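Subject: Structure handover

Hello,

Here is the structure I promised to send over. Please open it alongside this note.

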Amino acid sequence: MTANGLIQIAIFSVIILLVARPLGGYMTRVFKGDYVFLTPILRPIEVVFYKLAGVDEKDDQHWLRYGGAMLMFNLACFILLYAMLRLQGYLPFNPQGFGAVEPMLAFNTAISFVTNTNWQNYGGETTLSYFTQMAGLTVHNFVSAATGIALALAFIRGFSRASANGLGNFWVDLTRCSLYVLLPVSIVVGLFFIWQGMPQTLGAYVDATTIEGAHQSIAVGPVASQEVIKMFGTNGGGFFNANSAHPFENPNALTNLVQMVLIFAIGAALTNVFGRMVGNEWQGWALFGTMSILFLVGALVAYHFEAVGNPNIAALGVDQTTTAFQPGGNMEGKDVRFGIANSALFATVTTDASCGAIIAWHDSFTPLAGLVPLVNMELGEIIFGGVGSGLYGMLLFAVVAVFIAGLMVGRTPEYVGKKIEGYDVKMTALAIIILPFSTLGFTALASSLPFGVSSIANAGPHGFSEILYAFSSTTANNGSAFGGLTGNTPFYNITLGLAMAIGRFGMIVPMLAVAGSLARKKVVASSAGTFPTDGGLFVAILIAVIIIVGGLTYFPALSLGPIVEHFSMIHGTLY
Amino acid sequence: MLKEIRPAIVLLALFTLLLGLAYPLGMTRVAKTFFPHQAEGSLIVKNGTVIGSEIIGQTFTSEKYFHGRPSATTGTDDKGNSISLPNNAANSMGSNLGPTSKALMDRIKGDVDKLKAENPGAPVPVDMVTTSASGFDPDITPAAALFQVPRVAKARNLDPAKVQALVDQFTKPRTIGIIGEPTVNVLKLNMALDAGVTG
């Protein structure tokens, strides 16, 4: 680790700290329907949308209706995207003449984008037309993100409302989020990205004749308009196969910094939205602090092990030391402009959130640096997290934390003025336990079946890590991969697709049930006996709960993968 | 739930029109007006022929050029079989070989042996023997460029000090001195060599 590397991590952290409150304030106003500076432009469009769709803005939906609307919308998204993938050969903007995406892969890709996972069994530049990229993937990058944020808003209303039947209106939340939050930022930052070197064209791939006279085909496309929402909506599905490692998806260190900020921005801002809506911003900052601590630990661990590098490569006479002329470290699967510090930071950020974009191949990370993304995803991506899903995931852990604190003193627990009772804890436990059930269950299945094992690329414990990573990533709706695993097989297209759906909707339904139950309750005034949830003690208990409940579940599996591989590596055992 | 069918379909259609067509096509139009060079892929055109993109790496094998990093990209041959095709900018990918992979160590060992023969005694910079993430990293580290100076100078009958000065000139420092890592763009450096630019 170098001083410069640590400064780069610090700069990124400070930017997130500075973004959280203003963006949180703006989003709070948007979701309350208050006037914001874009209202004069966007309100007319919004009204037309409601009118055509037959939506009554004032219609307050019970949690079952809110959830039903969300599921219906996602079903429509899935059907449309699947159809588009299958029919792209007949659709416009297809200069490379790509034909239909085959059914299994189309199924996997459609679920993947609808659930905000964006797992890449497809290779963008070799499979998808520009029409599919724009009218398909870009649209779902917006609306799956808006869906997650809407759900977080519904959950927050469970806490902020008293004796209420409804959680808001899904259609209104979805539309406002897309129009007022996601689209304006996409336009502004998208233009910045183009200026910095990201292509934005409908032209065919470029045929170049290199200086040495060889032929080089260069894939281009409408990249920037998709790239920005891919990051801001924590989607992460690349325009190209190499994702943000591709120079066209991430031309330089500055665009890289902006991309990382985009990943965390909404997740950080939502903690502030939560604080504002429950009437005490410190409640939000307590969650922000918890997330920041877990983030920094992950970033530093990953950075440390990547900077140390691989002793087996050093043994071959390769110089892995850090000097003024090179960052050194483990450079396999990394690009020079990002080096070690940024690659480790990006890997942490993208898996803390449910983004899944990559600038370096996690499969080639040293074992314990590769453990960091794995653990981040297995905790449920609650460290700033996926847009929306990160906040409601963290709030579920907060419910467990106050429940455990309540057990210790023998008092009915409360969280931001709501009594947490048996039903709430049961539903919370259900939402939390679904993730390890899917991740570990499918990993066990794939590891014991021949067509599960035949897809792995690296032998030894690393091969097991590839499978574990795939199901951790899809269940948590991340979408990054230990890319060596051949995921585009019937077995993996189906099981990974199911893991994505279970991880998304299996968690959302009990979460909404908790929100509905909380909204109906009265607010209890805090008393001397109330456990304060806006201070350091709560942060400490919350971190402990996350590590014990979330982390220990996976420890045996992690031991068989990255941990045993670490000892293999330092003893020079190769596979 | 049936009541929700109409808003689901209508809003999805409207979002597809607004976010899937109007937004990207509008961005394309604006890009064409204000940033035409970047929007097309930062292409370098010489005598009417596109010779590459400023930010996409290409393959150099001749001794008189600086070489880029190893690449794990593949292509297809005439019969449709997958073959190794380094710097294939229409199929980005990495090696995905893990830290205990024997295949990775064997490949690195082969590259190290070749480089050691070329510049005996000098330590081999790690980015010269590891595959990039994109598969066409446009850059090498200053260390990797300096490692190649003796070979390039000899092949071109140039004073190594002059080639080294050119490398220094083409070394791009970190953004505002802090963000990212120092890089040397291989294609631009080689074009400068061919153009007879001296450092």
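Predicted model: local features only at pLDDT ≥ 70, side-chain atom pairs only at ≥ 80, totals over all residues.

Residues are numbered from 1 along each chain as its sequence is written, while chains are lettered from A and ligands numbered from 1 in the order in which they are written.

**Overall form of chain B**

Chain B has six helices and eight strands. These are DSSP runs, numbered from the N terminus: helices are H or I with at least four residues, strands are E with at least two. The chain is divided into domain 1 (1-40) and domain 2 (43-194); the bounds come from an automatic or database domain assignment. The centres of the two domains, taken over C-alpha atoms, are 39 Å apart. The C-alpha trace spans about 75 × 45 × 45 Å along its principal axes. Chain B has a radius of gyration of 22 Å, whereas a compact globule of 199 residues would have one near 16 Å. That radius is taken over C-alpha atoms, and the globule rule is 2.2 Å times the number of residues to the power 0.38.

**Hairpin and sheet**

Strand 1 (residues 43-46) and strand 2 (residues 49-53) of chain B pair in the antiparallel sense over four bridges. Pairing requires that DSSP finds at least two bridges between the strands. Ile44(B) has Gly52(B) as its bridge partner. The two strands form a hairpin with two residues between them, and Asn47(B) in the turn has a positive phi of about 50 degrees.

Three other strands of chain B form an open antiparallel sheet in the order 6-8-7. Strand 6 (139-140) and strand 7 (171-172) stand at the edges with a single partner strand each, so one side of each is left without a neighbour in the sheet. Ile140(B) stands opposite Val184(B) in strand 8.

**Cores**

The largest nonpolar core has 210 residues, and Leu345(A), Met511(A) and Ala515(A) have the most contacts inside it. Such a core is a set of buried Ala, Val, Leu, Ile, Met, Phe, Trp, Tyr and Cys residues joined through C-beta atoms within 7 Å. Buried means that 20 or more other C-beta atoms, placed from the backbone, lie within 10 Å of the residue's own. Helix 6 (residues 130-160) of chain A gives this core its largest share, 19 residues. Each domain of chain B supplies at least three residues.

Best wishes

Methods:
Buried ≥ 20, exposed ≤ 12 C-beta atoms within 10 Å, placed from the backbone.
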